[in-house]
Amino acid sequence: MMAPMRLSELNELIRLTLQESFAWQRFWVVAEITNHTYYGHKGFHYFDLVETEEPVAPTTRMPRKSKTANSLTAKIAGVAWREGAIRIRAFEQETGQVFGNELQVLIEVSVDYHPVYGLKLTLLDIDSRFTLGQLEQKKQATIQRLLLECPDFVWEQEGLLQSANKELYLPPVIQRIAVVSSKNAAGYEDFLHSLDTNSFGYKFEIHPFYATVQGEQHALELAATISAIETRALELEQDFDAVILIRGGGAATDLLIFDQFEVAEAIAACPFPVFTGIGHQKNETIADLLAHTAFKTPTKVAEFIIERNRGFETGLFTTLHQVQLLSRQLLAEHFSFLDRVRFSLSYRTQELLNQEKQQIREMNALVRRQPLRLLSNQQLLLQEVKTSLQVNTTGYIRTREKDLAHLLRLFRMSSPEKLLARGFALVVKDGKVQANATDIHPEDKIQILIAGTQLDAAVKHKKEYDGDPFNL
């Protein structure tokens, strides 16, 4: 059995052994931070480095859970002195991540042993690119999941991420606003203050929807709140002009909630235009990429809304001015046209009056001359008719006299005396000249008239004859 030694002697032996083995050596180690404590007055960080059996993707802060002895595969204390703390501050500025618990990192360490404080690793440097790369990998994985599971709301176009929300119609005036924020967030107060104190006196109808807007573990809660806005709109029977998702202040790691699948899906599927103003100055979150419009801060969102409404109002005034100007131009043109028409009517009326007066004068002169002319014409016509009547009457009379003389000769030639003189005779019975022998019977008394003589006779016989005496 060896001679016993004091504990300090053993610890010193360990120190010397470790110093001999690890002196001046540096190691890059991937591990998760736990039990982190920062002493600001000294500028020192104390923490533990752990490794678990199933390490999650080293991109974000993991949901809080207790580390059991069975889940840990390695654990060692760590410290960052002044130089290490400077490197940590640079890391936080470059990545936007706060160095703290449940953050997986790639750090450069040295192995140190102190007889009183034991074994520990001293942080000498921390790799920002590792953390940024892991964050980007997780972000891209979420985007690919969105493209795969939500093709109706999320797609790529010419290499850019697009969403159904980006294509929603944005009203020219934004008044009915749904605001998603934590109740006491400074950014929410800044947003409301900017709207309420706008210099144009615009009024807004604000509908708050309170939710926790930081911490990955609250992603489902935030997504449910965004989805509840559509239900509220249906209850109110009125659409919202825009949905404002804002967050003000806080650590940059709090932005990781806006890279979560559930939140991104809810934004892309929201039926109202979503504006983000989540208080970041560098990288865009997936929520920014899928929202209708992304802004850096809540105040910028308020400024955009006021400016948009102002643009609409200015457009109205511009249109009003243009309408007034055009109206004046049209009135001037119509007045000018009316003046021309009035002058034309006056001139034309005067011209027509003059023409009518001239026609009246001509008609008057014509009327005055016409009776004399007509009278003279009628006198000439009467004279012609008189002469014609005289000539025609004399001729007519002469013609009629000739006709009468001719008729007289005919009458004379056709008189019974002439006929009797030519050998004809008239038979008279009972004082009537008989044209035929139908009414003459034997024993009838008749008178036979011949030239200058009347013969009284009695009919003795009556017989027909064949007309021979007249066959000349």
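1. The radius of gyration discussed here is taken over C-alpha atoms, and the globule rule is 2.2 Å times the number of residues to the power 0.38. The structure is a predicted model. By this rule, a compact globule of 472 residues would have a radius of gyration near 23 Å, whereas the protein has 69 Å. The C-alpha trace spans about 230 × 75 × 40 Å along its principal axes.

2. Of the 472 residues in the protein, 32% are buried. The accessible surface amounts to about 30,900 Å², and carbon and sulfur atoms account for 57% of that area. When contacts between residues at least 6 apart in sequence are considered, 65% join residues at least 24 apart.

3. Helix H8 covers residues 298-414, and Leu410 lies within it.

4. Phe317 and Phe272 are 45 residues apart along the chain, and their C-alpha atoms are separated by 28 Å.

5. Helix H3, residues 128-149, contains Thr142. Is Thr142 buried or exposed? Thr142 is buried, because its relative accessible area is 10% and the cut-off for burial is under 20%. With neighbours within four places in sequence left aside, the residues in contact with Thr142 are Asp259, Gln260, Phe261 and Ile286.

6. An open sheet is formed by four strands in the order S14-S13-S15-S16, with antiparallel pairing. Its edge strands are S14 (432-433) and S16 (453-458), each of which pairs on one side only. The next two points follow the pairings across this sheet.

7. Strand S13, residues 426-429, pairs with S14 in the antiparallel sense over two bridges. S13 also pairs with strand S15, residues 445-450, in the antiparallel sense, here over three bridges. Which residues stand across from Val428 on its two sides? In S14 the bridge partner of Val428 is Val433, while in S15 Val428 stands opposite Gln447.

8. The pairing of S15 with S16 is antiparallel and extends over six bridges. Within it, Ile448 has Leu455 in S16 as its bridge partner. S15 and S16 form a hairpin with two residues between them. In the turn, Gly452 has a positive phi of about 75°. For reading side-chain directions in the sheet, the general rule is that side chains in a regular strand alternate between the two faces of the sheet.

Methods. Residues are numbered from 1 along each chain as its sequence is written. This is a predicted model: local features need pLDDT of at least 70, side-chain atom pairs count only at pLDDT 80 or more; totals for chains, interfaces and linings use all residues. Side-chain values use heavy atoms; hydrogens and water are left out. Buried means under 20% relative accessible area, exposed over 50%, partly exposed in between (1.4 Å probe, protein chains only). Contact means heavy atoms within 4.5 Å. Accessible areas come from the Shrake-Rupley method with a 1.4 Å probe; for residues, only the protein chains shown count as cover. Two strands pair if DSSP finds at least two bridges between them.
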